[in-house]
Amino acid sequence: MPKPTFYNLNEEKRHILIEAAKKEFSRVSLYEASISNILKSAGIPRGSFYQYFEDKEDAFFYLLNEHTQERHEEFLFNLKKYQGDLFQAFIEVFSHTLKRSHSEGQSNFIKNVLLNMNYKIEKAFTKFISKEELSKRYDEVFHLVDWDSLNISEENQVYHILQILSAVTFHNLVHSISNDLTFEEAVTKYKVEIQLLQTGMTKTS
């Protein structure tokens with residue numbers, strides 16, 4: 001987490017620092033990133049950087065957590081938009097995230113995150129759909145879900161549905177980027193898998 005001095009910066013200086021960090025993490029992975037490049041882009045001395053962040057990893061996870069929060073708000077927006085349809089809400093989040101990763105410039109931050117994944121990064125990337133996070137925002141999420149459309153008998157089962165959908169979404173994002181699928185190819189593949197989950201994979205007598 002950034003230090004208190006980071007939040008005490010005026011909006012313009014904070015924006016410059018954030019954009020400088022995003023530029024560097026869009027260029028290369030976290031482990032290849034250079035603090036010197038961030039300092040050069042932001043136009044600040046090295047000592048100032050450490051007044052705001054512990055290290056480059058601290059800055060990276062701040063950006064990733066901000067992105068995760070945006071995706072959570074987008075997920076809630078789409079749950080409302082599609083009257084509690086979890087599957088459609090996930091399709092929208094997947095499509096938007098993928099579209100951003102296909103765009104030019106600083107959106108390459110998302111692409112680098114997906115292509116240089118480890119457990120810690122994955123956990124932060126999927127935080128918005130974790131059981132812990134959903135428990136904190138229970139009223140916000142679960143009251144939006146269309147329960148009647150789901151083949152479940154207990155509320156707790158929604159956690160498992162969300163975990164499955166999250167895993168499929170995450171896998172498809174990584175697969176799409178690493179295999180250079182077009183946006184249309186990636187969305188088509190993802191929708192096929194979501195439909196299989198939605199309709200079930202076994203015949204009922």
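S29 sits in the loop between helices α2 (11-27) and α3 (35-42), where helices are DSSP runs of H or I with at least four residues, numbered from the N terminus. This is a predicted model, so local features need pLDDT of at least 70, side-chain atom pairs count only at pLDDT 80 or more, and totals for chains, interfaces and linings use all residues. Residues are numbered from 1 along each chain as its sequence is written, and side-chain values use heavy atoms, leaving out hydrogens and water.

**Around S29**
- With 7% relative accessibility, S29 counts as buried (under 20% relative accessible area, using a 1.4 Å probe and protein chains only).
- Leaving aside residues up to four places away in sequence, S29 touches N112 and N116 (contact means heavy atoms within 4.5 Å).
- S29 and K111 are 82 residues apart along the chain, yet 9.5 Å separates their C-alpha atoms.

**Helices α6 and α12**
- α6 (residues 86-102) packs against α12 (residues 183-199) at an angle of about 160°, and their axes are 11 Å apart.
- That makes the pair roughly antiparallel (angles over 145 degrees).
- On the α6 side, the contact residues include F87, F90, I91 and F94, while α12 brings, among others, F183, A186, V187 and Y190.
- Sorted by class, this contact has eleven nonpolar, three polar and two charged residues.

**The two domains**
- The domain assignment gives domain 1 (4-54) and domain 2 (63-199), with bounds from an automatic or database assignment.
- Their centres, taken over C-alpha atoms, lie 28 Å apart.
- Eleven residues from domain 1 and nine residues from domain 2 take part in the contact.

Notes
Axes are lines fitted to C-alpha atoms, for helices over the stretch in contact, and angles run from 0 to 180 degrees between N-to-C directions. Helices (H or I, at least four residues) and strands (E, at least two) are DSSP runs, numbered from the N terminus. Angles under 35 degrees count as roughly parallel, over 145 as roughly antiparallel, 65 to 115 as roughly perpendicular and the rest as oblique. Ala, Val, Leu, Ile, Met, Phe, Trp, Tyr, Cys and Pro count as nonpolar, Asp, Glu, Lys and Arg as charged, and the others, Gly among them, as polar. Buried means under 20% relative accessible area, exposed over 50%, partly exposed in between (1.4 Å probe, protein chains only).
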